[in-house]
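Visitor: Please show me the structure, and let us then discuss it by question and answer.

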Amino acid sequence: QRRAELALSWNDPLWGCRGCAEHVAGLPWAGPAPGPAGRPPMLARHVQRLGRDCIAHWNGSQILTVNSPVYSCVRWAGHYPWASFPLPVPADSSANWRLPPFFGPWRQFQNCNWQLDNFMQSSCFHLPNPSMKSEGEEPLTKRRRLSGHHDTSAAERETNFSDQKESLCLSVARNEGKRSGKKGTIKRHWEYFCQHSRTVKTIENKETDQSCTESEAKFDFTVMSYNILSQNLLEDNSHLYRHCRQRLLIWTYRFPNILQEIKQLDADVLCLQEVQEDHYRTEIKSSLESLGYHCEYKMRTGRKPDGCAICFKTSKFSLISSNPVEFFRHDIPLLDRDNVGLVLLLQPRFHCKTNAAICIANTHLLYNPRRGDIKLTQLAILLAEIASVAAQKDGTFCPIIICGDFNSVPGSPLYRFIKEGKLNYEGLAIGKVSGQEQFPRGQRILSIPIWPQKLGISQNCVYEIKRQQKEENAGEKLEAGKLDNAREIVIASEKVSSKLRHHFKLSSVYSHYFPETGIPEVTTCHSRSAVTVDYIFYSAANDDTAAQPGAEDSCGGGLKLLGRLALLTEKDLWTVNGLPNESNSSDHLPLLAEFRLIER
C-alpha cells in the first residue's frame with residue numbers, strides 16, 4: 001500500500017519539468033522542448049547524493065545497482081544536462097530509488113525540478129519503505145537490543161580473557177578469507193586446543209598424540225546443537241524476519257539448506273531444537289536415518305507442534321536408554337508451560353576394559369524474559385533427570401553433555417548456576433534471571449522456595465522420591481519415625497534456604513567473547529536482537545586444558561574438549577543480511593564441538 005501511494009506517474013517524458021528545455025534542446029537523445037524555460041533549479045546540493053543505494057529495475061529482470069552520486073545515472077534539470085542513463089529505457093520500465101533518512105518531506109521532493117532521460121509515459125517513480133533495503137545490508141529502521149551482553153561486568157570479562165590466555169593453548173585454523181566463494185555466505189573456521197583433532201590437521205606433540213594405552217582409553221566424537229527454527233513459529237513471529245526475502249522463509253527452501261549444513265558438519269551427535277512434528281515425521285527423520293543416524297524425539301505438550309530431537313550415528317554409539325522430560329505439571333500453577341527436554345544414555349562403540357557411557361541432554365527452555373522462576377524450575381527438572389540417568393553404581397556420574405537453547409545470555413544468574421553449580425537467588429527479580437532484557441520488566445522477587453515441595457525435587461536438583469526408592473531397593477530399611485524426621489528436616493531446610501545447587505561440574509564449549517577484541521559472540525540474529533542463547537556444556541576431565549578453572553570433574557574420567565566451530569559477531573552476520581539468509585536457513589547458528597572421552 002505504501003508503494004502504491006507513493007507511485008507518481010506523469011503525462012509527459014519530462015514530468016512537467018519545463019525548466020530544462022533550453023539545456024536539452026539540440027541533444028540527440030532529447031525530445032522537443034516542452035513549454036517555457038528559465039525556471040531556476042530547486043534541488044538542494046545535498047540531494048546530489050540521492051543516487052546512493054539506489055536500484056533501477058529494467059523490465060523487472062535486469063538490475064542495475066549504483067553506489068555513486070546521482071548525476072552518474074540521472075540528469076538533473078538545470079545542473080547536469082550532459083549526464084543521462086547509459087542504457088535505453090523500455091516503455092514498461094520503472095526506477096526504485098532508496099532515499100537517505102535525512103531527506104525532507106515528500107511534497108518538497110515532488111516539487112523539485114528534476115528529469116529522467118528517455119522515460120515513457122508509463123514510467124513511475126517509487127519511494128519504497130525505509131525498512132526495505134538491498135540484500136546484504138542492515139535495515140535502516142531496525143532497532144536491535146543487545147540485551148544481556150551489557151550485564152557482564154568488566155571484571156568478569158577480564159577474568160575470562162586471562163583464563164583463556166593462561167589455560168588455553170588455542171590454535172586457530174585461519175581461512176584465506178572469512179567470505180567464501182559463494183555469494184552471501186560466511187565461512188566459519190575451526191578452533192582447536194593443541195591436541196589431536198580429526199577435523200583440523202596440526203603439528204602434534206608426541207606426548208599428547210598417543211593412542212589408547214592400558215591406563216587410558218580414548219574415544220573422539222563430535223556434538224552439534226542447532227535450533228533449526230520451526231516453520232510454525234517462524235510464521236507466528238513474522239515480525240522478526242522482515243529483513244528477509246520471502247522466498248527464503250518457506251520450508252521447501254529452508255529444509256534442503258538445513259540438511260546440507262548437517263551433512264557438511266557431519267556431527268556424530270545432533271541435538272536439535274524447534275523440530276516441527278509433521279516435518280520430523282515426513283522428512284527430517286527419514287533424511288537423517290539415510291545419513292546413518294538413529295533419532296529420538298520429544299514433542300512439546302501444548303499446542304505448539306515442535307519439540308527436541310537427539311540423533312546419533314549408529315556407527316559410533318548404541319542406545320542404552322531414552323528419557324523424555326516434560327516440564328508441564330497440571331497440578332502446579334507455576335509449571336503451566338509446554339517446554340520439554342530429552343536425555344539419552346549412550347554406549348560408545350569402542351573396545352575397553354570397562355563399560356563407558358555418555359549422558360546427552362537436550363532442551364529448549366521458556367523464552368519469556370519476565371518468567372525467570374519458570375526457567376529455573378524447568379532447568380531444575382532437567383538436572384534432576386540427568387542426575388537420575390547419569391548416576392553410576394559407585395555414586396559418581398558418567399560424562400555429561402547438555403545442549404540446547406536456554407533463552408539466557410552469558411553472565412546471567414541462570415548461566416552462572418549451570419557453570420558454577422550454585423545460585424543464591426534471595427532478592428533476585430524474576431526479570432533478571434535470564435539477562436535477556438537490559439532493563440527487565442519483571443520486577444517481582446523470586447519466592448523462597450521457587451517451586452512447591454510436591455514437585456519432588458530438592459534444592460540440590462535431584463528427585464527426592466527416586467532417591468528414597470533407590471535406598472529402599474538397595475535394602476536400606478529405615479524406621480518409620482526416622483524417615484518422617486528426615487523428611488521434615490528436608491522440608492524445613494528448603495523453606496528457609498534460598499540456595500540452589502547441582503552436583504555437576506560443567507564447562508562451556510564457547511567463551512562468548514572474542515579474546516582479541518572483546519566483541520561478543522552471537523548464536524542468534526534477527527530483526528530484534530543478536531545475542532548468545534545457545535550452549536554446549538560438558539563435564540570436563542581433570543587434564544582438560546580448555547576447561548574453566550574449578551570445572552574439573554573427577555568422576556569416571558571425563559571429557560576433553562579438542563576443538564570447536566568458531567562463532568561469529570553480529571557485524572559478521574549482518575554482512576549477509578542477518579539470519580535467516582540464502583545459505584543459513586535458521587535464525588540460529590549451529591554449535592559444534594569435538595570431544596575425547598577419557599576413561600581411567
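Visitor: What pLDDT does the chain average?

Guide: This is a predicted model, in which local features need pLDDT of at least 70 and side-chain atom pairs count only at pLDDT 80 or more, while totals for chains, interfaces and linings use all residues. Residues are numbered from 1 along each chain as its sequence is written, and side-chain values use heavy atoms, leaving out hydrogens and water. For pLDDT, the predictor's confidence in each residue from 0 to 100, 57% of the residues score at least 70, and the chain average is 74.

Visitor: Over residues 157-181, how many contacts does the model have beyond near neighbours in sequence?

Guide: The pLDDT is below 50 over this stretch. A contact means heavy atoms within 4.5 Å. Beyond near neighbours in sequence, the number of contacts in the model is 51.

Visitor: Which strand pairs with β11 over 7 bridges?

Guide: Strands (E, at least two residues) are DSSP runs numbered from the N terminus, and two strands pair if DSSP finds at least two bridges between them. Strand β9 (residues 269-276) pairs with β11 in the antiparallel sense over 6 bridges, with Val 275 opposite Gly 307. In the other pairing, Glu 296 has Ile 310 in β11 as its bridge partner. The antiparallel partner over 7 bridges is β10 (residues 293-299).

Visitor: Is Ser 539 buried or exposed?

Guide: Ser 539 lies in strand β21 (residues 534-539), and its side chain reaches the backbone nitrogen of Ile 400 at 2.8 Å. Buried means under 20% relative accessible area, exposed over 50%, and partly exposed in between (1.4 Å probe, protein chains only). Because its relative accessible area is 1%, Ser 539 is buried.

Note on methods:
Helices (H or I, at least four residues) and strands (E, at least two) are DSSP runs, numbered from the N terminus. A polar contact is a pair of N or O atoms within 3.5 Å; within protein, one must be able to donate a hydrogen and the other to accept it, and residues adjacent in sequence count only if both atoms are side-chain atoms.
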